[in-house]
Amino acid sequence: MNAVAAGVLQIVVLIAALALAVPFLGRYLAHIYTSEKHLRAEKVAYRVLRVDPDADQHWRSYALAVLGFSLVGVLFLYLLARVQQWLPLSLGFDPFPSDGAWNTAVSFVTNTNWQWYSGEAAAGNLLQITGLTVQNFVSAAVGMSVAAAFARGLARGRGNGRVGNFWADLVRTTLRVLLPIAFVGALVLVALGVIQNVRADLAMTTLDGGRQILTSGAIASQEVIKELGTNGGGPYNVNSAHPFENPTPFTNILEIFLLLVIPFAMAWAFGLIVKDRRQGGAVLATMATLWLGAVGLLTWAEMAGPGTAPQLAGGAMEGKETRFGEAASALFASSTTGTSTGAVNAMHDSLTAPGGGIAMFNMMLGEVAPGGVGSGLYGMLMLAIVTVFLCGLMVGRTPEYLGKKIGQREIVLVALYILATPILVLVGAAVAVSFPAGPAGMLNSGAHGFSEALYAVTSAANNNGSAFGGLTAGTPFWNTLLGVLMLFGRFLPIVFVLGLAGRFATAQHLPVGAGTLPTHRPLFVALLTGVALVVVGLTYVPALALGPIVESLS
């Protein structure tokens, strides 16, 4: 089988698996976020947390609970990283420096999972298990909870701004969704060759008589939630290109499936929560269209990339895993940047110039194709509201979405959401190249060097976590800058989303009229796709022109 046929086959297999799993998981998610019953284990968690899970929270209380819970997570993880040398299972590693501990704590709490360090050479088993892996679960649960609150705001009428209970959403998401799937997924990964232990590094004798140190750890348990929760931070520096994390082409497809299934299923669940499955189908169709477009373009860029060497080799193999090849690496890269995962099975710094630009563009979309767990859904819904608003202006009618009027206050919140991340990215890129410490970390000069910096700030502000490997980011300057971008890039949009959810929850449902724009038909899917692309194009093309576009033309 040639490379093109193999590439097409793996995409077909992946789509078939998603088509089977998404409706089932979507129905399950909708049930979880609308059920009033609590499991026994959940009741224990509520008693420990000293919260009332049946207390319907105002959106401000919900937002404060999200921010407070996340702040505690940052402080705990920072402390754990600073004192790891005194902890059991530390493997003899030194504590993280203050700037590195700050960056890591913010990174994992914000679901970014950017890593300035090599996991196998800096983080002990206890830090990996009780710190980083725990945050992989709860940071994903926070994003899904916020998306559920937003869906409730659209579904309710005259609710006095109440959007649900954060603690109930958090506990249910963790115990009923993430833990069960991660447990089964980890067993499958172990069966397929991913390692799982808490031993110290193992010294081996090679075939030629030399000595090699093999790093061990609880890899499968972290690998599965890393993908499932669209986290991305792996225990090894080369991430999912490491054979202990991703040993075979089958595990490669399985990991891509894991990072896509919840974001797509959240769109299906949305339709059920608002009691109109067609609305969820339209959102899912838009996500799938953008994702398939990115997969096709990035695969073309890597398999038929410009340059004499790629043409002679039949593709751009630099930085690719020979076990997978260009097509599998392109599928992984487009999926991990289309979500907020950030995991990699090839080095993105070695992507062709067009390929690197597509990966960057995926993140600049706001990672809505299909986006992170939760964040992809509410990001796409924000773009849907922009689409409805623009269409309403064209016909001179007050816009509405799912029976909720979009007035001045609503569109201000949407505008703040849309502008927040681009401002962080563009200002962050300007800061990165304006101080000597910024360019000092770039491996390359010229357009590719700028692409390394632009990719880093884009990844941080969009809570992705992947990187162009040529950037030396483990310095006080980069750790501090990227930490600030990750923090604001995560929580500013969440506050705006919850504020809008509260506005919708107080609004009365409007009856469908002759001038109501149908938001469940193919025309709306096309309009929403176009708005997503135009918003990104108008915002980021000047910055892209200085990096991957110039490099592609040179």
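A residue is called buried when its relative accessible area is under 20%, exposed when that area is over 50%, and partly exposed in between, as found with a 1.4 Å probe on protein chains only. The model is predicted, so local features need pLDDT of at least 70 and side-chain atom pairs count only at pLDDT 80 or more, while totals for chains, interfaces and linings use all residues. Residues are numbered from 1 along each chain as its sequence is written, and side-chain values use heavy atoms, leaving out hydrogens and water.

A nonpolar core is a set of buried Ala, Val, Leu, Ile, Met, Phe, Trp, Tyr and Cys residues joined through side-chain atoms within 4.5 Å. The largest one here has 159 residues, and Y401 and W478 have the most contacts inside it. Helix 9 (residues 249-273) supplies the largest share of this core, 16 residues, where helices are DSSP runs of H or I with at least four residues, strands are runs of E with at least two, and both are numbered from the N terminus.

A salt bridge is a side-chain nitrogen of Lys or Arg within 4 Å of a carboxyl oxygen of Asp or Glu, and by this rule the count comes to 8. One of them joins R156 and D56 at 2.9 Å, N to O. Because R156 lies in the loop between helix 6 (125-155) and strand 2 (162-164), and D56 in the loop between helix 2 (40-49) and strand 1 (57-58), the pair ties together parts that are 100 residues apart in sequence. E227 and K226 also meet in a salt bridge, at 3.7 Å, and both residues are buried.
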